Amino acid sequence: MRRFDEYHPAVLLAYYVSVLLFSMFTVHPLVILFSFTGAVSYLFAIDRKRRVLKDLWFYLFLFLLIAAANPLVSHNGVTPLFFLNGQAVTLESLLYGVVLAFMLSAVLAWFGSFNRVVTSEKILFLLGKVSPKLSIVLSSALRFLPLLRRKAGEIRSAGKAVGLYASESWWGRVRSGLSAVSALVTWSLEQAVETGVSMKARGFRLKGRTHFSAFRFSGKDLAVLIFILAADAIVFTALGTGSLQFAFYPRIALEAPGVLAVISLAALLLLFLLPAVLEIGENIKWRYYRRKI
Amino acid sequence: MKKNILFLVILIAVVIAALVFGVRIQSVEDYYLEHLEDVQPDSRTVTMSIRCDTALENREKLDPALQTEKFLPKDGIVLKTTEYVLREGDSVFSLLERAAKHEKIQFEFKGTGKNGGTAYVEGISYLYEFSCGPLSGWMYRVNGKFPGVGCSEYFPEDGDVIEWVYSCDLGHDVGDDWQGE
């Protein structure tokens, strides 16, 4: 067993693509619930509790917004609760809004862990073979914003040290801010030019250069990849035959799921919980070994 | 800082005012409590019917959620031909709204349909636009002709025959040839 983020980048990519696809292209409430649970429990496993909770507060705001907005614009459904300006506000559209909100929170949470697990190094590794140009553009774009933010902080503190931002007046503060922005823009332009020159000096795009990577595709990677692909096959079959279809309008279809639906729901549950299980299992193992020392 | 608080207070006040004056909340019973005038010998009337035969003819294209008999009437008649008393300023839309309330037929529209606002009928009796293929939706005929204006813009006259029909082919299958061939 390894931590989830230590698997081969191709495995991670396959995992995130399938998880995001399944979360976005079905409105089956159980699938969405599984996806949300998996995404949030993995976030809790890899990050400090307080930071995850802070993120979840933001999700809660979005959640309420979407859950409340759907019944205001969609009036289909057999169970009107009350009428708003001559249009029905129905139980079905309210529940549909809640499921959509869960879906969006789940996708956001998956992207939250994606940013931490699939680092730009791994993206570079995956894309470098296909298109070096694209990978260089992507990696500099991904790096640009955090870099800019850090530099802006540096310029701000340097400015404070020499007496900018001291003025009480509104206009004075704007002028200090503008001078900082001007310094930042100059710096980033210069940095872009320097990057280009430096890459040229190191022989970027010369023929006959090989690619070094620290990632190896091992048997464990293969095992997890086969698991992911098997789950994909089951779920795509279920989606193709309509077994995972779920209708909210006009009436919420509460039918007993068929055999294929049950199998694919089980596969989806395992798939969504995979990262959290690997991470938590590894943590338990780590604690156990430490106790033995 | 004080300016921000003032701005916030004004914003909240505007929102509350909009909620109080712009929002009308009715209970389900209140909404369906629609009074209709009795037809007198001298009253101006129109007849109206709502039919969805084309959706039944194209069952293979119909939304799976609507396939059960519960939602689509077997004979295609959502509202049988009924006589309604014409009120001052009645549009086809306001007649539909009144009839739907009285018969407790679910329907959804976009727009206001009142005070000069326009309205577009999205669905009647759980059968919506696009429920039966990408070219489907509700249309209305007056005396056998499709007027080609929004239903809140057409003001029927005494004796008019209004028919709401569901089309699965932009009107071709219900006799509208506005596009030519």
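This is a predicted model: local features need pLDDT of at least 70, side-chain atom pairs count only at pLDDT 80 or more; totals for chains, interfaces and linings use all residues.

Visitor: What makes strand 2 of chain B mostly covered?

Guide: Of the 7 residues in this strand (residues 45–51), 5 are buried, where buried means under 20% relative accessible area, exposed over 50%, and partly exposed in between, with a 1.4 Å probe and protein chains only. Strands here are DSSP runs of E with at least two residues, and helices are runs of H or I with at least four, numbered from the N terminus.

Visitor: How do you know that strand 2 of chain B pairs with strand 8 of chain B?

Guide: Two strands pair if DSSP finds at least two bridges between them, and strand 2 of chain B is joined to strand 8 (residues 161–167) of chain B by 5 bridges in the parallel sense.

Visitor: Why is the pair of A:F36 and A:F102 called edge-to-face?

Guide: Rings of Phe, Tyr and Trp (its six-membered ring) pair if their centres lie within 6.5 Å, and planes under 30 degrees apart count as stacked, over 60 as edge-to-face and the rest as tilted. By this rule there are 28 aromatic pairs over all chains. For A:F36 and A:F102 the centres are 4.9 Å apart and the planes stand at 80°, hence edge-to-face. A:F36 lies in helix 2 (residues 29–46) of chain A and A:F102 in helix 4 (residues 91–117) of chain A, so the pair ties together parts that are 66 residues apart in sequence.

Visitor: What makes A:F102 partly exposed?

Guide: The relative accessibility of A:F102 is 25%, which falls between the two limits for buried and exposed.

Visitor: How do you know that A:R2 lies over the face of A:Y7?

Guide: A charge sits over a ring if NZ of Lys or CZ of Arg is within 6 Å of the ring centre and within 35 degrees of the ring normal; A:R2 is at 4.7 Å from the ring centre of A:Y7 and lies over its face.

How values were computed: Residues are numbered from 1 along each chain as its sequence is written. Chains are lettered from A and ligands numbered from 1 in the order in which they are written. Side-chain values use heavy atoms; hydrogens and water are left out.
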